[in-house]
Amino acid sequence: MKMFPWIFSNIKNKKSVYVHDIESVKEETPDIKLLQTQVNNSFVVIPLLDKSDVFGFIFIEDSQKIVSLEKEPYDLIFLSEILRLAIVQKKFLDEISLFKNLINRSNDYIVVIDRNTSKVIDVNETLCAHTGYSKAEFMSMESESLMDIVGNFWSGAFFETCGSSYLDVDSSFKAKDGTKIPVEINVTFIAHDESEYVLAVARNI
């Protein structure tokens with residue numbers, strides 16, 4: 001930014017820069033002096049915006065379409081939107097990946113169940129490792145089999161009695177080999193997008 005103060009001043013102010021002839025620019029700034037030694041004829045700079053905040057820029061040099069881009073910069077605006085969406089998507093995926101990694105590394109057993117279908121939506125690796133069931137096995141289980149392993153903490157009776165959450169300090173999960181695992185289980189009922197889910201976090205006691 002110190003090398004290109006004039007350009008970055010425009011970018012910060014959300015202004016595009018169109019230069020048709022680099023030699024004709026009268027700005028006495030370090031960036032113009034530097035660009036005059038590197039750019040043959042023309043360049044265009046367009047800021048990238050996300051909710052009115054600048055997060056980057058596109059720089060194209062020696063374009064034969066500078067004049068048309070200045071009058072109708074739709075191609076660059078479209079490109080900037082694609083880049084914005086790509087960056088936002090990558091940030092979202094990075095956050096999801098971090099969250100998922102933290103869930104999987106938790107010492108507690110974590111399971112999410114669709115309350116309407118009694119199907120497992122997700123389980124963490126700790127629960128799979130300690131019970132001997134794979135994630136695929138959990139997600140394909142019928143209601144009766146799942147209840148036999150983790151109990152029926154998502155049933156309507158618990159929801160009607162306890163409301164949105166409850167704690168059971170005297171429960172147990174059953175491993176694949178038949179071993180019983182005593183657990184303290186914290187259950188939360190969640191409504192999202194017109195569906196109901198149950199989040200259970202159980203600690204091996």
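**Reading burial, packing and salt bridges**

A: To start, this is a predicted model. Arg 115 has a relative accessibility of 18%, so Arg 115 counts as buried, the cut-off being under 20%.

Q: Which partner does Arg 115 have in a salt bridge?

A: Arg 115 pairs with Glu 196, their closest N and O atoms lying 2.5 Å apart. The two come from distant parts of the chain, 81 residues apart: Arg 115 sits in the loop between β4 and β5, Glu 196 in strand β8. Glu 196 is partly exposed, at 29% relative accessibility.

Q: Which residues of helix α7 are buried?

A: In α7 (residues 143-150), they are Ser 143, Leu 146, Ile 149 and Val 150. Looking down the helix axis, you find these buried residues within an arc of 130°, so they line one face of α7. They pack against β4, β5, α6 and β6.

Q: How should I read a nonpolar core, and how many residues does the largest one have here?

A: The general idea is that in soluble globular proteins, nonpolar side chains tend to be buried together. Here the largest nonpolar core has 26 residues, and Val 111, Phe 138, Leu 146, Phe 153 and Phe 173 have the most contacts inside it. Strand β7 gives the most to this core, with five residues. Apart from it lies another core, of 13 residues, including Trp 6 and Leu 35.

Q: Where do Lys 174 and Asp 148 lie?

A: Lys 174 is in strand β6 and Asp 148 in helix α7, so their pair ties together parts 26 residues apart in sequence. Their salt bridge has its closest N and O atoms 2.8 Å apart.

Notes. Residues numbered from 1 in each chain as written. Predicted model: local features only at pLDDT ≥ 70, side-chain atom pairs only at ≥ 80, totals over all residues. Heavy atoms only, no water. Buried < 20%, exposed > 50% of the residue type's maximum accessible area, 1.4 Å probe, protein only. Helix = DSSP H or I, 4+ residues; strand = E, 2+ residues; numbered from the N terminus. Arc of directions from axis to C-beta. Contact = heavy atoms within 4.5 Å. Core = buried A, V, L, I, M, F, W, Y, C linked by side-chain atoms within 4.5 Å. Salt bridge = Lys/Arg side-chain N within 4 Å of Asp/Glu carboxyl O.
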